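Hi,

Here is the structure I promised to pass on. Please open it and keep it in view while you read my notes.

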Amino acid sequence: MKVCRIALIGGGIGGLTAALSLQRAGLEVAVFERAAELLEVGAGLVVSGPSMRGLDLFGVGDGIRSVAGERPKGYFELKHYATGDVIQEAHDVPGQDKAYAVHRADLQRLLVDAVLANDPDCLHLGHEFTGLTQDDDGVAITFANGNTVTADAAVGCDGVSSVVRPHLFGPEPVVYTGMVSFRGLIPADLVTASIRDENGSFYVGPDRMFILYFVRGTDYMNVVAHARQPGWEEEGWAIPADKSTLEELYGDFCDVVHEIIDAVPDANLFKWALRDRSPRERWTEGRVSLLGDAAHPMLPFLGQGGNMAMEDGTVLGRCFAAATDIDEAFARYEAARRERANGVQLMTRERAKVLLGFDDPDALPIRGGLQMTYDPATVPV
């Protein structure tokens, strides 16, 4: 393919995975990230089996395994919010790759290091996207710092509130779902024996859920709480949350949940609104396409936002390697990814209704029907 340069707008997990995959295909890649520095985000992430297969393709998988959290004995246990009784257990499935719980910052660091090892000059911080134009010769991208760059093709990897997406397809609301997420980290020295025993617990109750798992071995217990909370929709990944609000919101949950909330340091608790956009039947316009939450925003109820972005990124580079021109590359990419990614997006919406509805605890499926044998490293493109 006669392509010199691919611009990736957004240096998150999806953008960095795409960079690795495109570099592996022999292309020049430039990653443009609006943040002035890549800061540690205090949140955990479960890297699923399909994503691990892609990361193994790039030589990053072993690094993930080395920084993963201690695995729960039963993988995950679904528990009743008030009694703490186990409703269901999810165990590893024979023949399927394991999932690994990691600190998001560790995953980001491993990806950044791998990308920069291929090209030390490909990451450009402090570049906030403001617009683009394209013609038969390429794409011109402008940034708030006054810089304009050109590329043969571009991919918007800038998340659920993507500003690349409306530049391609026109104005479109980013809808507040009426749900929020709280995330926190408990350092090891504050993890009591009873909190440690909750590794892998997944409490569900009316309009709320509460999840715990270790990251960085047992250095931190990661705390995740999703709840319906209409009327609050402040945007951002690092908005401080008040523990008293969380205590009140989970007032009828069992005692150990309150012990866990109390153990989270005030500085380690954050909150953000869950937002959504409708699935798109087309992600590409000319020489520009979308990836990850910019293309198919994921609610967190299957833990697949970062995973779908990594799958997208893995497949994208393989499509460019297989294609003879940009049109063909993006057509292959959409054909290989749209059904799975859009399907999982819709599945997360249904999963939210089931988990937060809590009509019948015995009917709650802990795995949610997600196909985990998918392999982005070998799926036909």
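Which residue forms a salt bridge with Arg332? The partner is Glu328, and the closest N and O atoms are 2.8 Å apart. A salt bridge here is a side-chain nitrogen of Lys or Arg within 4 Å of a carboxyl oxygen of Asp or Glu. By this rule there are 20 salt bridges.

First, the ground rules. This is a predicted model, where local features need pLDDT of at least 70, side-chain atom pairs count only at pLDDT 80 or more, and totals for chains, interfaces and linings use all residues. Residues are numbered from 1 along each chain as its sequence is written, and side-chain values use heavy atoms, with hydrogens and water left out.

Back to the first pair. Arg332 and Glu328 sit four residues apart in helix H10, about one turn of the helix. (Helices are DSSP runs of H or I, at least four residues, numbered from the N terminus.) Arg332 is partly exposed at 26% relative accessible area. Glu328 is partly exposed too, at 23%. (Buried means under 20%, exposed over 50%, partly exposed in between, with a 1.4 Å probe and protein chains only.)

Next, look at Glu311 and Arg337. Their side chains meet in a salt bridge of 2.8 Å, N to O. This pair links distant parts of the chain: Glu311 is in helix H9 (residues 305-322), Arg337 is in helix H10 (residues 326-357), and they are 26 residues apart. Glu311 is buried, at 0%. Arg337 is buried, also at 0%.

Last, Asp62 bridges to Arg65 at 3.0 Å. Asp62 is exposed at 58%, while Arg65 is partly exposed at 32%.

Best wishes

Conventions: Helix = DSSP H or I, 4+ residues; strand = E, 2+ residues; numbered from the N terminus.
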